[in-house]
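Okay, thanks for coming, everyone.

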Amino acid sequence: MTDVTTRHRRIALALTLSCAATALLPGCDVLPGGDDKTTVTVWLMRGSATDAFVERFTDGFEKQHDDIDLDIRVHPWTGIGPKVQKALKRDDGPDVIEVGNTQVAQYVDGGGLEDLTLESARDLGMDDWLPGLAEPGRYRGAQYGVPWYAANRVVLYNKDLFAQAGIEQPPKTREQWLAATQRLNTGGNQGIYLAGQDWYTLAGFIWDEGGDLAKEKDSVWKGALDSPAALRGMEFYQRLQELGNGPKDADEEHPPQAGVFAKGHVAQMIAVPGTVRAIEAKNPRLKGKIGYFPVPGKTARKPGAVFTGGSDLVVREGTKDRKAAVEVVRALAGDTWQKDLARTMNYVPNKTTLAPAVSGNPAVAAMAAGAARGRATPASPRWALVEADNPIKAYMTKVLTGGDPAAEAKAASRRITETLDDHGR
């Protein structure tokens, strides 16, 4: 709960006690605006906004909406799923909740979110929303999640190693990227550090080719790694991964790739820009020597597709004042506070039209370029079960160590289909 909210409650309590003590005085039977005010309870996640942003937003919103009080509470991401599920079932639960963009489907499936399709189309500018936030917020044709902010992977590169290789400009196409990486992969340096099980990066290559991890037809989800498009994405991943010494049987956290890059002999890696802080902490000599560019696409006209992480805002079904709750969502997702949040937190704003707001920050600008082509994991409420025992990782390792791509993709797709099948629930 913010200091601002606490202050408002103390003022209200003081007025109440004062009127109780002087009940016979005229005017003390009704607090000014007391019966007309609605309190909207908002759950935000720790790390999504600073305390200063929350205070600025609370003050600004309440000045413009004198009939609404905000009660903003901050929760840790760890263990938030069960808390939200319980809160959605309570009549006194929060009115507005920040959720991970890929979590919306599971909350809708369990029952408990308001359909915001009308407001999204009429008032919230959904035509300009980032696809990686908007698509997972949509379930069976209705919009439940309103995009709030995004973050995604870019290519981090060692400027000194690029200069030594005579590469003056970051590549803009896949073929340019492969050629540059091959030049960089020499003399004891790795052209790129790409772990064999970095499946989020693989997903981007698959989407670029027109494929998917899984597809839905007639409300039935099936794994799709064995499609020709998905296989082309895996083939490109394999070509790129060979231009470095990343492990074929581990993901990017085993070992943490920031530590590998910090040694100074890796020219590139794919990560969110915030990883640079960990790199510089391990090797201060790299400070100021790391650049950013969007993951290259198949042509120079647009960057490659990337997995978009971030948050959506949802409204609890049955909230006591739907109109007031939607007003809070409208403000948080509106242009003014989007620009403020993006600049405060180095996030990508929720609309492609707001990208100029972060153009002065090279890292966020690179993210914003990629986010315009962003996607999210399949919007099945059971997708989390796929990630829990991820067959995509095992598939990647088998292909990178000599397995037949088509056969391994078919086996992995079968496992995804079995996991997404909800008939056994």
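**Cavity and salt bridges**

So, the structure has one cavity of 30 Å³ or more. By cavity I mean, on a 1 Å grid over the protein atoms alone, a set of points where a 1.4 Å probe fits but cannot get out, with lining residues having an atom within 4 Å of a point. Volume is the space filled by probe spheres set on the points, which are joined across faces, edges and corners. For this largest cavity, that's about 60 Å³.

Before I go on, the housekeeping: this is a predicted model, where local features need pLDDT of at least 70, side-chain atom pairs count only at pLDDT 80 or more, and totals for chains, interfaces and linings use all residues. Residues are numbered from 1 along each chain as its sequence is written, and side-chain values use heavy atoms, with hydrogens and water left out.

Back to the lining: among its residues are Arg153, Tyr200, Phe205, Ile270 and Phe307. Helix H9 (199–208) and S12 each give two or more residues, and H9 has the largest share, with four. Helices (H or I, at least four residues) and strands (E, at least two) are DSSP runs, numbered from the N terminus. The lining splits into seven nonpolar, two polar and one charged residue, with Ala, Val, Leu, Ile, Met, Phe, Trp, Tyr, Cys and Pro as nonpolar, Asp, Glu, Lys and Arg as charged, and the others, Gly among them, as polar.

Now, charges. How many salt bridges are there? The count is 25, taking a side-chain nitrogen of Lys or Arg within 4 Å of a carboxyl oxygen of Asp or Glu.

One of them joins Arg316 to Asp95, at 3.9 Å from N to O. Those two sit 221 residues apart, each in a loop. Arg316 is buried at 3% relative accessible area, and Asp95 is buried at 1%; buried is under 20%, exposed over 50%, partly exposed in between (1.4 Å probe, protein chains only).

Compare Arg239 and Glu175, with closest N and O atoms 3.7 Å apart. This pair links helix H10 to helix H8, and here Arg239 is partly exposed at 40%, as is Glu175 at 48%.

There's also a network of salt bridges linking Arg174, Asp208, Glu209, Arg232, Lys298 and Arg373.

Last, confidence. pLDDT, the predictor's per-residue confidence from 0 to 100, averages 92 over the protein chain. Residues 1–34 stay under 50, though.

How values were computed: Contact = heavy atoms within 4.5 Å. 1 Å grid on protein atoms, 1.4 Å probe; cavity = no way out; pocket = protein on both sides within 12 Å on 5 of 7 lines; lining within 4 Å.
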